[in-house]
Amino acid sequence: MKTTEPDSSALLKHTYHYVCNCLPPYALRSLPIPTRQLNPSSSEAAEMAEPKLFELNNGTIQLKVSSLGCTITSLSVPDKNGKLGDVVLGFDALEPYLKGAAPYFGCIVGRVANRIKDGKFTLDGAHYSLPINKPPNSLHGGHKGYDKVVWELVEHKQGNEPSITFKYYSRDGEEGYPGELAVTATYTLTSATTLRLDMKAVPQNKPTPVSLAQHTYWNLGGHNSGNVLDHTIQIWAKHVTPVDQNTIPTGEIMPVKDTPFDFTTEQKIGSRIHEVGIGYDHNYVLDCEDEQWGLKHAVKLKDPVSSRVLNLWTNAPGMQFYTANYVHGIVGKGGAQYDKHSGVCLETQGFPNAINQPNFPSIVVRPGEKYEHSMLFEFSVE
């Protein structure tokens, strides 16, 4: 990962050194990548394509994913009694997603996830302006980010490790971002109770910021089981990036110790949520040294009733912990009503507004380099 040296603060230097040197490469890997890997007409085709729904099933996990935004619409996993339950918020049909009724339920967001301050940034001396779709900032790629386009199906494999791969070709200037970008996303059921997502992006002709995120709202008790305040969570992060009144990181990297942001040991989500305003919506600096499959342990989430557990592994430097603070009165699958804190998002990512914060790990990817971001969702009961 290519980065800029942080300021002289000892804490910043220590954290920055760990993120950049101890975590596996997240965004940048020098590779001889041919340009125009995907046909740019695919973005035009996406304008006219009808979204479709696909299924992956290995006999234990049942996953439904749409070509619209690579959206997970349903994910059923067993509880302590072996009973399958759908653990993601969403809708029974694709129409509500098309009409914008979903607050980023289950989708992949980009070209840059999270917020960019004032929708502006400068790269190599050029100034760029983005849509202000979450005033006063740009959020999750703009008015029509990657969550709102139909991706092209590349491959749908059955068998012992069923998988599905989608691609999207993002145009130069799309939602204000520079350069053409070829993007792929692959969901794979790698074992009986494990789902993996691999996201890759290759800039074709210009350097550009890239930071994709998977925006599923999890409720391990079942999507229709109420709020997640009694879920316990452990996050492998000793620091967060505190935010201003517009939810933009201040640039500080703050220790979580002795604060309501401390989930270094297992705690109920609701135990101190009243101390952070309407709920959690913060980026955690991931620092776990435990590694499997080339990925670092980010978080463990558990529902005490069903005993379902989700362990999430990633190669991203940060994770947005969001407790569905703005969800209210949404009628979802089976007529279930989703309200505040009905789910929790665990969005591994580059740091929010990193393009404007030189002391954050860089999210700029240049031609000849490849962005790679992987997440592994490991389900169990305990």
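Trainee: How many aromatic pairs does a search of the whole structure find?

Mentor: Happy to start there. This is a predicted model, where local features need pLDDT of at least 70, side-chain atom pairs count only at pLDDT 80 or more, and totals for chains, interfaces and linings use all residues. Residues are numbered from 1 along each chain as its sequence is written, and side-chain values use heavy atoms, leaving out hydrogens and water. Rings of Phe, Tyr and Trp (its six-membered ring) pair if their centres lie within 6.5 Å, and the search of the whole structure gives 21 aromatic pairs.

Trainee: Are the planes of phenylalanine 91 and phenylalanine 105 stacked, tilted or edge-to-face?

Mentor: Planes under 30 degrees apart count as stacked, over 60 as edge-to-face and the rest as tilted. The two ring centres of phenylalanine 91 and phenylalanine 105 are 5.6 Å apart and their planes stand at 45°, so the pair is tilted.

Trainee: Is phenylalanine 105 buried or exposed?

Mentor: Buried means under 20% relative accessible area, exposed over 50%, and partly exposed in between (1.4 Å probe, protein chains only). Phenylalanine 105 has 1% relative accessibility, so the residue counts as buried.

Trainee: What kind of pair do phenylalanine 263 and tyrosine 280 form?

Mentor: Their ring centres lie 5.4 Å apart. Their planes are at 75°, so the pair is edge-to-face.

Trainee: Which residue lies over the face of phenylalanine 263?

Mentor: A charge sits over a ring if NZ of Lys or CZ of Arg is within 6 Å of the ring centre and within 35 degrees of the ring normal. At 5.5 Å from the ring centre of phenylalanine 263, the residue over its face is arginine 272.
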